[in-house]
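Have the model open while you read.

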Amino acid sequence: MARIGEVQAPAATRDALARGRLRASLVPDLLVEARRIVNTVIAGWHGRRKRGIGENFWQFRPYVEGDASRIDWRRSARDDHTYVRDREWEAAHTVWLWADPSPSMLYKSTGASVSKQSRALVLALAMAELLSRSGERIAWPGLTDPFTARNGAERIAAQLMHAGELPAKPDLSGIRRFCDIVIASDFLDPVEETMAWLDVLARHGVRAHLIEVADPAEETFPYAGRTEFTDPETGDKLTAGRAEMLGDEYRLLYTARRQELAAWCKRLGWSFTVNHTDRLASDALVRLHMAMTADGGYAGLIAGGDHAGQTAGGHAGLASGGGHAGQAAGGGHAGLTAFDGHAGKVGA
């Protein structure tokens, strides 16, 4: 048995084929769940409506001096104000969708209803369903090109079922300006790595919407006594004699990572949403809808980038059962995972 605080040599990582088969077996059920969630929010979903070229009436708004829009005299005659008639933008928009397939997403604590991977896939497929019904183009980086279809969610689900091992981080350089991308992940890598990966989107003028899928145990760190933590990416192990002693530092680093990433997104005009796996997925869809209907967010980075750097040395805390949130004690990979949480305790 390892000494307390000792990081063991890397163990064999999980078989990629097994992970792929697991993902494929889950997709049909997750597609059904995604459609169920869509049906609960569809009444309030209106796409990303905005003023533009089109045939359909959208809204009346007060006339402003210098406004090039044509005044609607019939509406203006009803009161003392002058109004113009706006039409709705009808050109199809391209939205890219991606759910993190990395091993850390497989984690599910006893307090959660689903794994992080399941929740991320449900959110991505639900967005595909909503966007397809609205006539938008959707795509999955590294898997599909942009396409328009009423059964868009089903087509993406079929592609995911038959895909081989998906990259941990797809190449985003092919996504161009004025597109949107929805990324569902635990974002537990060091913040500077996440920023470097997403930097190409900012430089290309792409608007991103980040959904951090979090397990409740990853925030509360409910571990005590002698506990073994395992890195889901490399298999590294760390044995803590009194895990509760790491709690305060872990929670501080975990929160700092999230706040830094959220602040960076805000500076770029992007949205950042947290969805916990013990809560409803529809909560994230509603917040995402509000973010996607907002104007702006395509400006990109100024002067070649704005990397805020790493929090607390680049490690965001000891990942409580599933992520690479960094280490609260010791170096090593971007995080160590509690080995099945409570069951992982090997001593009190």
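## Helix pairs and a cavity

In this predicted model, helix H3 (residues 116-133) packs against helix H4 (residues 152-162) at an angle of about 145 degrees, and their axes are 7 Å apart. On the H3 side, the contact is made by Leu-121, Leu-125, Ala-128, Glu-129 and Ser-132, while H4 brings in Gly-152, Ala-153, Ile-156, Ala-157 and Leu-160. Sort those residues by class and you get seven nonpolar, two polar and one charged.

Now find helix H5 (residues 191-203) and helix H7 (residues 247-268): their axes come within 11 Å and cross at roughly 15 degrees. Angles under 35 degrees count as roughly parallel, so H5 is roughly parallel to H7. The crossing of H5 past H7 is right-handed. Which residues of H5 meet H7? They are Val-191, Thr-194, Met-195, Leu-198 and Ala-202, and across from them in H7 sit Arg-257, Glu-260, Leu-261, Trp-264 and Leu-268.

Here are the class counts for the two contacts:

| H5 with H7 | seven residues | one residue | two residues |

The structure holds two cavities of 30 Å³ or more, and the largest cavity has a volume of about 50 Å³. What lines the largest cavity? Its lining is Trp-98, Ala-99, Pro-101, Trp-140, Pro-141, Gly-142, Leu-166, Pro-167 and Pro-170. By class, that lining has eight nonpolar residues, one polar and no charged.

Methods:
Residues numbered from 1 in each chain as written. Predicted model: local features only at pLDDT ≥ 70, side-chain atom pairs only at ≥ 80, totals over all residues. Heavy atoms only, no water. 1 Å grid on protein atoms, 1.4 Å probe; cavity = no way out; pocket = protein on both sides within 12 Å on 5 of 7 lines; lining within 4 Å. Points joined across faces, edges and corners; volume = space filled by probe spheres on them. Nonpolar A, V, L, I, M, F, W, Y, C, P; charged D, E, K, R; others polar. Axes fitted to C-alpha atoms, helices over the stretch in contact; angles between N-to-C directions. Helix = DSSP H or I, 4+ residues; strand = E, 2+ residues; numbered from the N terminus. Parallel < 35°, antiparallel > 145°, perpendicular 65-115°, else oblique. Left-handed = near helix turned anticlockwise from the far one by under 90°. Contact = heavy atoms within 4.5 Å.
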